[in-house]
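Here is a note to read beside the model. Take the points in order and find each residue as you go.

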Amino acid sequence: MVRRQTFKERVFSCACTRCRAVVALVEEKGAVLHFEEKRAGRLCEIAVVAGAGPRGIAAADVVPERRSYAEHVGAELSGSISDSRDPVHIIHAIDHSNHNVNARNRINIGSARAWYKNGRYYLQ
Ligand SMILES: [Zn+2]
């Protein structure tokens, strides 16, 4: 019997740019990301912004790309936060990462940095 791959296993075994960006965040930058299949909004949004590389991603593209990535990895964006119409996860990552000692509901992006500049989001 073939065991169904977990969400994390699917991401780690995929060769696409976004999945590789997630793996690099975890393995090279020491990020601690949660692979929650049902509320995957945070992970998926981090994947699309990190996967955009040094060029970043336009603010208006974040949500559609998050949704498309969730489909790609077979994850679910359930609930108003996970499936928000706004790029709430990357905004949260900018203000509430492990680099901020006063962060609420901290997103641990390891040694990576998240920022916004001229209408684009970056996570490098
Ligand atoms: Zn992939």
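**Notes on the fold**

1. The protein chain has five helices and three strands. Helices (H or I, at least four residues) and strands (E, at least two) are DSSP runs, numbered from the N terminus. Starting at the N terminus, the order is α-α-α-β-α-α-β-β. Residues are numbered from 1 along each chain as its sequence is written. This is a predicted model: local features need pLDDT of at least 70, side-chain atom pairs count only at pLDDT 80 or more, and totals for chains, interfaces and linings use all residues.

2. Start with overall size. The C-alpha atoms fill a box of roughly 50 × 30 × 30 Å along the principal axes. The radius of gyration is 14 Å, which agrees with the value near 14 Å for a compact globule of 124 residues. That radius is taken over C-alpha atoms, and the globule rule is 2.2 Å times the number of residues to the power 0.38.

3. Of the 124 residues, 34% count as buried. A residue is buried if 20 or more other C-beta atoms lie within 10 Å of its own, exposed if 12 or fewer, and partly exposed in between; the C-beta atoms are placed from the backbone. Two residues are in contact if their C-beta atoms, placed from the backbone, lie within 7 Å. Take the contacts with a separation of 6 or more: 61% of them join residues 24 or more positions apart.

4. How many residues of H3 are buried? The count is 11 of 11, so H3 is mostly covered. The buried residues include Leu-43, Cys-44 and Val-48. Charged residues can be found in the list too, with Arg-42 and Glu-45 among the buried ones. The cover over H3 includes helix H2 (17-27), strand S1 (57-58), helix H4 (59-73), H5 and strand S3 (120-123). Just after H3, Gly-53 has a positive phi of about 70°.

5. Now see how H3 (residues 41-51) meets H5 (residues 88-95). The two pack at an angle of about 80°, with axes 8 Å apart. Axes are lines fitted to C-alpha atoms, for helices over the stretch in contact, and angles run from 0 to 180 degrees between N-to-C directions. H3 and H5 are therefore roughly perpendicular. Angles under 35 degrees count as roughly parallel, over 145 as roughly antiparallel, 65 to 115 as roughly perpendicular and the rest as oblique. On the H3 side are Gly-41, Arg-42, Glu-45, Ile-46 and Val-49; on the H5 side are His-89, Ile-90 and Ala-93. By class, the residues of this contact are four nonpolar, two polar and two charged. Ala, Val, Leu, Ile, Met, Phe, Trp, Tyr, Cys and Pro count as nonpolar, Asp, Glu, Lys and Arg as charged, and the others, Gly among them, as polar.

6. H2 also packs on H3. Their axes come within 8 Å and cross at roughly 100°. H2 and H3 are therefore roughly perpendicular to each other. H2 brings Thr-17, Arg-18, Ala-21, Val-22 and Leu-25, while H3 brings Ala-47, Val-48, Ala-50 and Gly-51. This contact has six nonpolar, two polar and one charged residues.

7. H4 has 15 residues. Its first and last C-alpha atoms are 22 Å apart, close to the expected 21 Å. The expected span is 1.5 Å times one less than the number of residues. Buried residues of H4 include Val-62, Glu-65, Arg-66 and Tyr-69. The buried residues pack against helix H1 (7-13), H2, H3, S1, H5 and S3. Just after H4, Gly-74 takes a positive phi of about 70°.

8. Look at Asp-83, in the loop between H4 and H5. Is Asp-83 buried, exposed or partly exposed? Asp-83 is partly exposed, because 17 other C-beta atoms lie within 10 Å. Leaving out residues up to four places away in sequence, Asp-83 touches Gly-41, Leu-77 and Ser-78. Its C-alpha atom is 7.8 Å from that of Arg-67, 16 residues apart along the chain.

9. Finally, two asparagines. Asn-105 is in the loop between H5 and strand S2 (114-117), and its phi is near 45°, positive in a residue other than glycine. Asn-105 counts as exposed, with 7 C-beta neighbours inside 10 Å. Asn-118 sits in the loop between S2 and S3, with a positive phi near 50°. Asn-118 is exposed, with 7 other C-beta atoms within 10 Å.
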